[in-house]
Amino acid sequence: MKKIINLSFMFLLFHAAASGQPDSTRISGKTYPLSRWTLEPGIGLKPYPVSDFLVSNVLQWNIRKKFSLVSYTSYAYNNAFLRRFNYIKTDYNFSLTQKLGIGTSFYSKAASHTFSLLGGIQYDSYKETLEHPDFEKVSFGLSSVRPDIGLMYNLKVGKKKYFFSYRMYLPLYPYPFLTSDINAVDGNMANISLELGLGIRLK
Amino acid sequence: MKKILPFLILLVVASCKKEELGDYLTKDFSIQSASTGATYHINVALPDHYHASGKYAAIYVLDGEDNFDFVAGSCKKYSRDYSKSDVLVVSIGYGRNRALDYTPTDAAEGDGGAEQFLQFINNELIPEMESAFGADTSRDSRILLGHSFGGLCAAYAFTHHNEMFGHYMLLSPSLWYDNLVMLRYEQDKRAANQARPQHVFMGLGEMENSGRMLAPYMAFYQRLQSHYPDMQAMSHLVPHLDHMGSKNPNITEALKFYFQQQ
């Protein structure tokens, strides 16, 4: 498990350190503008196994041109399309996530590509009730806090104050951080997210 | 992108590790079933110091092609850890589609062939295990393990063929199936089944939050606790893991529960 963290850190730091670019808050001319701070609220979904809708926000602090600190926050409304199934009602089902991490960026003329390694916690809570006219009513809920570790790709397109943001998150938990059992990858897949947002250059 | 690709490949390779649980002797054979019309490949893991004239408990493993290695290795480990007699592990391969063999009724998600499949186990597989491998003939020495639809099939065996097995391991069972038909079966067959001594282990992943697993699981478990005075029942929820990820941790807990009871 430590291998992955070490490799990720090495990659991010090596790329950031090897950039050889002077720090600047804005690169003039035809290159992509660099801002110290960006705020990127967005909406998205977790497509597997059933659609979970989420709202999220990314706050990025570009310490250097190719090295940044990233904060990611989200609320997910889970299991959006299957709240009643075979006399089973989902009373509530949501996840709250807060992650922090480091990122490195690549720039082209019209876009920037940021790859981040994020770590934090996720709070999940859900409750189901069995409501069948012939059976006893049974309700049961579960809540848990768990680590959330993963890699995020963030595409920013647009040179003005407001820009388009696309994010894709690949979880590395529970496989391989919690367990080396490849069966557990369904837990990773359940937390893959695809998001679209509107970014704002703050400074 | 060329810079990133080797990094991503390295990540995947670095994270791959196979869990190893030890060696065991196996024998395999096939049965052309008169009950289902299909051919089932059977793999049997033999206990330490196995002798054909001995009497051994037998764990019948559904989805055997996926679960056999882990169950056989774990049995070896926990029988030693608890200083208990090892068991025969009988892997039942896929004969027909599992959505046919493991489901009790013809519904949207399955075709309802569990009755025929259990007839195959009862009339063809168990007699073969008893005559050729020294499997004990008592009900208490037969264990059925299933996950997901396999867990549903094991629950159906519990309600409709309770005389076959004395131990049931229901892992993430699909009790939502066909408008909760298994809860109805449990209710209908309760009077006939509740007097028998038996052990039932139920397991689920805490992250199985797809809106169908938790409520029927708890309803079934609460019924077992309330209405079966001679039953030893246990429920185990695996933290942080989903439907497939919780399978092996729950197999581990189910086997510990079994060997502790011996």
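## Chain A: order of elements

Read from the N terminus, the elements of chain A follow the order α-β-β-β-β-β-β-β-β-α-β, which amounts to two helices and nine strands. The model described here is predicted, and the predictor assigns the complex an ipTM of 0.86 together with a pTM of 0.88. Of the 203 residues in chain A, 39% are buried, and among the contacts in this chain between residues at least 6 apart in sequence, 58% join residues at least 24 apart.

Strands of a sheet pair through backbone hydrogen bonds, either parallel or antiparallel. Strand β2 of chain A, residues 52–64, runs antiparallel to β3(A) and is joined to β3(A) by 11 bridges, with V55(A) standing opposite Y75(A); the hairpin that connects β2(A) to β3(A) passes through two residues.

## Two cis peptide bonds in chain A

Most residues other than glycine have a negative phi, and most peptide bonds are trans. In chain A, the peptide bond from Y173(A) to P174(A) is cis, with omega near 10°, and the bond from Y175(A) to P176(A) is also cis, with omega near 5°. P174(A) lies in the loop between β8 (162–171) and α2 of chain A, and P176(A) is found in the loop between β8 and α2 of chain A as well.

## Where the chains meet

The contact between the chains draws 38 residues from chain A and 32 residues from chain B. On the chain A side, α1 (2–17), β5 (88–107), β6 (111–130), β7 (138–157) and α2 (185–189) each supply at least two of the residues that touch chain B. Sorted by class, this side of chain A has 20 nonpolar, 11 polar and seven charged residues.

## Chain B: confidence and sheet

Chain B has a mean pLDDT of 92, and 92% of its residues reach 70 or more. Over residues 10–19 of chain B, however, the pLDDT is below 50, and beyond near neighbours in sequence this stretch has 11 contacts in the model.

An open sheet of eight strands in chain B has the order β1-β2-β4-β3-β7-β8-β9-β10, with mixed pairing. β1 (25–32) and β10 (231–238) of chain B stand at the edges with a single partner strand each, so one side of each is left without a neighbour in the sheet. From one strand to the next the twist averages 15°. Within this sheet, β7 (residues 142–147) and β8 (residues 167–171) of chain B pair in the parallel sense over five bridges, and H147(B) has L171(B) in β8(B) as its bridge partner. Helix α8 of chain B, residues 247–261, packs on the sheet, where it touches β7, β8, β9 (198–205) and β10 of chain B, and its direction makes about 160° with that of β9(B).

## Nonpolar cores

The largest nonpolar core has 84 residues, and those with the most contacts inside it are A58(B), I59(B), V89(B), L145(B) and A154(B). Leaving aside neighbours within four places in sequence, A58(B) is in contact with V87(B), L88(B), V90(B), M129(B), A135(B), S141(B), R142(B) and I143(B). Another core, of 13 residues, lies apart from the largest one and includes F115(A), L117(A), L151(A) and M152(A).

## Individual residues of chain B

G113(B) lies in the loop between β6 (110–111) and α4 (114–132) of chain B. G113(B) counts as buried because 25 other C-beta atoms lie within 10 Å. Apart from neighbours within four places in sequence, the contacts of G113(B) are T36(B), R96(B), L100(B), D101(B) and T103(B).

H49(B) is found in the loop between β2 (39–46) and β3 (58–61) of chain B and is exposed, with 8 other C-beta atoms within 10 Å. L180(B), by contrast, has its place in helix α6 (residues 177–193) of chain B and counts as buried, with 23 C-beta neighbours inside 10 Å.

Terms used:
Residues are numbered from 1 along each chain as its sequence is written. Chains are lettered from A and ligands numbered from 1 in the order in which they are written. This is a predicted model: local features need pLDDT of at least 70, side-chain atom pairs count only at pLDDT 80 or more; totals for chains, interfaces and linings use all residues. pLDDT is the predictor's confidence in each residue, from 0 to 100. Two residues are in contact if their C-beta atoms, placed from the backbone, lie within 7 Å. Helices (H or I, at least four residues) and strands (E, at least two) are DSSP runs, numbered from the N terminus. Ala, Val, Leu, Ile, Met, Phe, Trp, Tyr, Cys and Pro count as nonpolar, Asp, Glu, Lys and Arg as charged, and the others, Gly among them, as polar. A residue is buried if 20 or more other C-beta atoms lie within 10 Å of its own, exposed if 12 or fewer, and partly exposed in between; C-beta atoms are placed from the backbone. Two strands pair if DSSP finds at least two bridges between them. Axes are lines fitted to C-alpha atoms, for helices over the stretch in contact, and angles run from 0 to 180 degrees between N-to-C directions. A nonpolar core is a set of buried Ala, Val, Leu, Ile, Met, Phe, Trp, Tyr and Cys residues joined through C-beta atoms within 7 Å.
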